Amino acid sequence: MTNDVAVSMTAVAKSFGETKALKKCDFVARAGEVHAIVGENGSGKSTMAKIMSGVIAADAGSVLILGKSITSPVDAKGVGLATIFQEVLVADEASVLDNLFVGSEDLFSLRKSSRERESVAQSLLDRLVGKPVDLRQNVGDLPLSIKQWIVIARAVLRKPKVLILDESSAALDLDATVRLHEEIDRLRSEGCAVIIVTHRIAELVRIADRATILRDGFTVGVLEKSEITEANLLRMMTPQDRQISAAASTSAAGLPGDRKEALSVHGARPQEASQPFDFVLPQGSIVGVAGLDGQGQDAFVRLVARIISPFGGEVRILNTESTGLVKVSTLDDATNKGIVYVSGDRKREGIFPQQSIFENLAIGIYQKNLGPFGVIRRKKLKQTFAREVERLRVKIGHPDNRITSLSGGNQQKVLIGRAFANDPKVIVLNDPARGVDLNTKRDLYRELRLFAEGGGSVIYLSSEIEEFLGFADRVDVFHKGSIHRSLDGPDINEETILAAMFGRSVADTMEFSKERKAH
Amino acid sequence: MTSLATEQTMSQITGRSVKLQRSIVIGFALLAALLVLGTILVPGFISPRNARSILLLAAFLGLASLGQTLCAMVGALDLSIPYVIGGANILFPSLLVTGMPAWLAVIVVVLLGAAIGLANGFLSFRLQGQALIMSLGVGFAFVGAVQLYTSIGSDYGGTVFAPVPDWLRNFAAFNGKTFGLPLPPVVLVWLLVTLVTIWALYNTWFGRSIYAVGGSRTAAARLGISETKVWTSIHGISGAMSALTGVLLLGFSGGGFVGVGDPYLFTTVAAVVIGGTSLLGGAGGYGATVLGVLVLTVLTSLLVGLGLSFAAQQAIVGLLIVPMVAVYARTAHIRNQI
């Protein structure tokens, strides 16, 4: 059997600054199997995919692809490895055909005539997309879903011996997922090792032959086909302590109907195509916001925080005397009236990379501590900083160290501390747990729950359904620019949320689940 | 426990704002090296007389570089500085000729400089891809317009002669005195401006906003900091400081000359960079620029003391900027951004 090994990784470790993404990981994939790498966000699975494809180098351990060790993506291509990354990397100015064959042959060794390769490309792409595609047109004019297929087809056309899919099906709809799986089957039968990196359990239950489970940077086990069940996977992916606490909080969740409105949005229209809708945030609750990519949920939370107001929507918030709602017009107004916004896109819209940890937190509260001529009263700031660092359990060295000396999770904690330090009434979080480790997530959930119990209210957008389970009191699922369904109580489960994300109705949910299982 | 402790010390060593401290150390080392060189090579280099002349020239450059520093901190460059200096330098005496009281003329010129700066800032913000050429254009337009005004009734408006008030002469001339001390008051003004600026950059909301906008525009916008306001106001400050420098230079030279600002295009940027403020924004400060100003002025004084011609001085300063910038620019942060 050893000559069948396509990928083998032994005791691999990798750190980014102070963050240990991989601590000790082992992995073996054989030729002709579909092997899934599963784990929660921050468990290290993407790092593993990147090491395999030669994008980054491991700090320790050995990595062999088809018996060779590789040090760059070019090496990887040389031994017959292809990777489909999450990002849709296409050249908009070039034709579909050029995009399909970019980098696949070098100038002096054209093996097939251009007509032959064209017909191969045509039939593959038609099969994947499910309808004929004109290979001559510019990629820039095509919708995102077809661009994604082009990226997939590009990899398949190379006839790879090892194919890595990094969350590739995240943005595909159900029919498309089926076609992708058919293609994966075909590759497997040709002896290709297909490695799928995902946190979508339902998907891999159907197609994976084996699964390697990562947790917090360790390989915690390998499951054979017969053992791959949702229960087994969840048990292995989730740390023991959280399994218990998640169960406990689910039973405690639920919303009494007599709560005051903390915030309301009337006539919200986050996208041009949106049907205007209303939104109510009850005081003391955590409302989750979900949706497939680009369904307007992202624009909606920005609208609530008054960062943008694209096509209308009136935001009102409970006034200071808690007697009625007042209108919130601008971002400044929102800040003054107690709405704060925390972004998961830390690098772009969160941190100030050249500034210290202290400054990164304090910049959010200077405005509340100003004397005449905009002079900052610094006395209280140190106390507030210490309080937030303590409360969120931020692991810091010296407050004057640069913010970039912290791990992603701790940077996020500083930003959340910046939000808390303003004593807000409503916290709007836009996918805050993106790329942070499990401990940070747990601290975050706990603090938000405490905040809600103290009368605060939370809007929490996440791209991961798992985050809502046992945490959100209500989940509003977006589809085509507006709230398609509002779920609460027992409806907050993976199947129902997923069905709603695909635009299914209540009655449809059962059928949807059956369809998924059938595939 | 030990591993946690080591982790903390590690992050303290690696993470502290190493870059700024490093550039300040380098700045002081450069300054000391130049002073030692001067002492050895030039007789009388370390003398009250030479110190006074260095401080006086440094004061002009320092005042002119304040705006450039603020602009660099948000990733902008103000190339209109030399033209505003030159324009102010001829506009001020021609206002005196009309009989306007000197104090009023100072206010008018400085306010006009601020207005030009605000316009420059607003336009270059709106047309950010063309910010550099925009600030050059505004400077050109200003200095051209001033010359049109000063040339009314004469053939050439580039030089203007007017009786310079005695107080201004004392204020900025080499033999000026402050309360009987042999030091021109402009040096003390510069010291005061330096202290206020450094304090305000750290202790006011406006100061912190400049760092925020320079560090991350989007993150600053999320905090409700208006990039337009910050960008425009610092250009306004830069315009006002340039105009003030132009007025003070009249006290130094005694006659208005439109080209008096020309060297300041290069020297203000050089002082900022030598001080260690990144031209990409987000870090640095005026204290660093003061250091850069002193290094640059001492260097020039050394070259003059060695008897080099102006052309030779220019060539040497120009060449020296390369290794100086190379030393500073090789920090991880800048490498990452480029």
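Modeller: One definition before we start: a residue is buried if 20 or more other C-beta atoms lie within 10 Å of its own. Also, this is a predicted model.

Biologist: Fine. Which residues of α17(A) are buried, then?

Modeller: T496(A), I497(A), L498(A), A499(A), A500(A) and M501(A). The helix spans residues 494-501 of chain A, and six of its eight residues are buried. That makes α17(A) mostly covered.

Biologist: What follows α17(A)?

Modeller: G503(A) does. Its phi is positive, near 85°.

Biologist: And α1 of chain A, how many of its residues are buried?

Modeller: Seven of its eight, so to speak of cover, α1(A) is mostly covered. The helix runs over residues 45-52. The buried ones are K45(A), T47(A), M48(A), A49(A), K50(A), I51(A) and M52(A).

Biologist: What comes after α1(A)?

Modeller: G54(A), with a positive phi near 80°.

Biologist: New topic, helix packing. At what angle do α4 and α5 of chain A pack?

Modeller: About 135°, with the axes 10 Å apart. Here α4(A) covers residues 114-129 and α5(A) covers residues 144-157.

Biologist: Why do you call them oblique?

Modeller: Angles over 145 degrees count as roughly antiparallel and 65 to 115 as roughly perpendicular, and the rest, beyond those under 35, as oblique. The angle of about 135° therefore makes α4(A) and α5(A) oblique to each other.

Biologist: Left-handed or right-handed crossing?

Modeller: Right-handed, as α4(A) passes α5(A).

Biologist: Which residues make that contact?

Modeller: From α4(A), they are A121(A), L124(A), L125(A), L128(A) and V129(A). From α5(A), they are I146(A), W149(A), I152(A), A153(A), V156(A) and L157(A). By class, that gives 11 nonpolar residues, no polar and no charged.

Biologist: Now the two chains. How many residues does each give to the contact?

Modeller: Chain B gives 25 residues and chain A gives 31. On the chain B side, the elements giving two or more residues are α1 (2-15), α9 (205-215) and α10 (217-222).

Biologist: What classes are on that chain B side?

Modeller: Seven nonpolar, 14 polar and four charged residues touch chain A.

Biologist: Last one. Where does I316(B) sit?

Modeller: In helix α14 of chain B, residues 310-329.

Biologist: Why does I316(B) count as partly exposed?

Modeller: Because I316(B) has 16 C-beta neighbours inside 10 Å. Buried takes 20 or more, and exposed takes 12 or fewer.

Biologist: How far is I316(B) from I46(B)?

Modeller: Their C-alpha atoms are separated by 22 Å. Along the chain, I316(B) and I46(B) are 270 residues apart.

Methods
Residues are numbered from 1 along each chain as its sequence is written. Chains are lettered from A and ligands numbered from 1 in the order in which they are written. This is a predicted model: local features need pLDDT of at least 70, side-chain atom pairs count only at pLDDT 80 or more; totals for chains, interfaces and linings use all residues. Two residues are in contact if their C-beta atoms, placed from the backbone, lie within 7 Å. Helices (H or I, at least four residues) and strands (E, at least two) are DSSP runs, numbered from the N terminus. Ala, Val, Leu, Ile, Met, Phe, Trp, Tyr, Cys and Pro count as nonpolar, Asp, Glu, Lys and Arg as charged, and the others, Gly among them, as polar. Axes are lines fitted to C-alpha atoms, for helices over the stretch in contact, and angles run from 0 to 180 degrees between N-to-C directions. A crossing is left-handed if the near helix is turned anticlockwise from the far one by less than a right angle, and right-handed if clockwise.
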